[in-house]
Amino acid sequence: MPERLACQRLVRKGLVLALAGLALSAVPARAQVSDTAEERALELNRRSAELYRQGNYAEAAALLREAYRLRPEPVLQYNLARACEMMADYACAVGAYESYLASRPADRAAVEAKLAAARAQLAARPPTPPPAETPARGRSLLPPIVTAAGAVGLGVGITLVLIARGRHDDAVADPTQRGAMDKQQSAESLMTGANVVLVASGVVAAAGAVWWIVDAVAKRPEPAPPPAASLQVGPGWIGVAGRF
């Protein structure tokens, strides 16, 4: 029995030591991850300062946002506000200044003055007017005019055909050979002219009708495009150390 108790105590002691070893081994791992994130954030902040000095404010702001995601230090929200001001993005600047002031910095009075100036700039900016609608162009009058001209030509051609047939009938009824020949020649000339007028007028009328149809189809209102989708970044900004 004493041997059994001693064995149980050894087992319990071994489990406690094993758990303690696991806990100790996990602490450096977490610390290493934290240190890596902080180093990455510091590097992003350093690069953003270089970009800011070069006048590349958009990329500087992007790096600051990424650095804040890794290591949310309030001080560089001020940096982001400065970069946004240089881009005239006063909505971004207002949000960054407000977030920075929430950390109760020592330079609160100076930053509040900058925040007030950014808000004034934002309020003074006129709203973006909606895109002007292009007035719908009325249908052209030329297609119906061309079609009507073709129809009139067809009427003239049919009239010439009827006159030519009348001359032919007169030639058949004329008892004299000379009179019959003259009337037949006149009928043939009229028929030739009637054929030319009919063909030309038919082409014009068909072209006008096709033009009219195409013009009507082209003037149909197009459906409004779906609103484009919009992605905006909020003022949860980036910072580690230093100010622009």
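**Ground rules.** I am working on a predicted model, where local features need pLDDT of at least 70, side-chain atom pairs count only at pLDDT 80 or more, and totals for chains, interfaces and linings use all residues. Residues are numbered from 1 along each chain as its sequence is written, and side-chain values use heavy atoms, with hydrogens and water left out.

Most residues other than glycine have a negative phi. Arg104 is not a glycine, yet I find a positive phi of about 55° there. Arg104 sits in the loop between helix 4 and helix 5. (Helices are DSSP runs of H or I, at least four residues, numbered from the N terminus.) Ala88 also goes in this entry, with a positive phi of about 65° although it is not a glycine. I place Ala88 in the loop between helix 3 and helix 4 (90-101). Ala88 counts as partly exposed because its relative accessibility is 30%.

**Helix 3 against helix 5.** I describe two packed helices by the angle between their axes and the distance between the axes. Here helix 3 and helix 5 (residues 108-124) pack at about 30°, with axes 12 Å apart. The axes are lines fitted to C-alpha atoms over the stretch in contact, and angles run from 0 to 180 degrees between N-to-C directions. Helix 3 contributes Tyr78, Arg82 and Glu85 to the contact, and helix 5 contributes Val111, Lys114 and Ala118. I count a contact when heavy atoms are within 4.5 Å.

**Glu85.** Why does Glu85 count as buried? Its relative accessibility is 18%, so Glu85 falls in the buried class. I find Glu85 in helix 3 (residues 75-86). Leaving out residues up to four places away in sequence, Glu85 touches Tyr90, Ala93, Tyr97, Lys114 and Ala118.

**Disulfide.** How many disulfides are there? I get 1, using a limit of 2.5 Å between a pair of cysteine sulfur atoms. Cys84 and Cys92 form it, with their sulfur atoms 1.9 Å apart. Both cysteines, Cys84 and Cys92, are buried.

**Aromatic pairs.** I count 3 aromatic pairs in the structure. The rings of Tyr52 and Tyr57 have centres 5.3 Å apart and planes at 70°, so I file that pair as edge-to-face. For the notebook: rings of Phe, Tyr and Trp (its six-membered ring) pair if their centres lie within 6.5 Å, and planes under 30 degrees apart are stacked, over 60 edge-to-face, the rest tilted. Tyr52 and Tyr57 are both buried. Ring pairs also link Tyr78, Tyr97 and Tyr100 into a cluster.

**Helix 6.** This helix has 32 residues and spans 47 Å from first C-alpha to last, close to the 46 Å expected at 1.5 Å a residue. The expected span is 1.5 Å times one less than the number of residues. Its buried residues include Gly150, Gly153, Gly157, Val161 and Ala164. Ile163 is in helix 6 (residues 142-173) as well, but is partly exposed, with a relative accessible area of 37%. I also checked Ile163 against Leu190: they are 27 residues apart in sequence and 7.4 Å apart in space, C-alpha to C-alpha.

Technical notes:
Helices (H or I, at least four residues) and strands (E, at least two) are DSSP runs, numbered from the N terminus. Buried means under 20% relative accessible area, exposed over 50%, partly exposed in between (1.4 Å probe, protein chains only).
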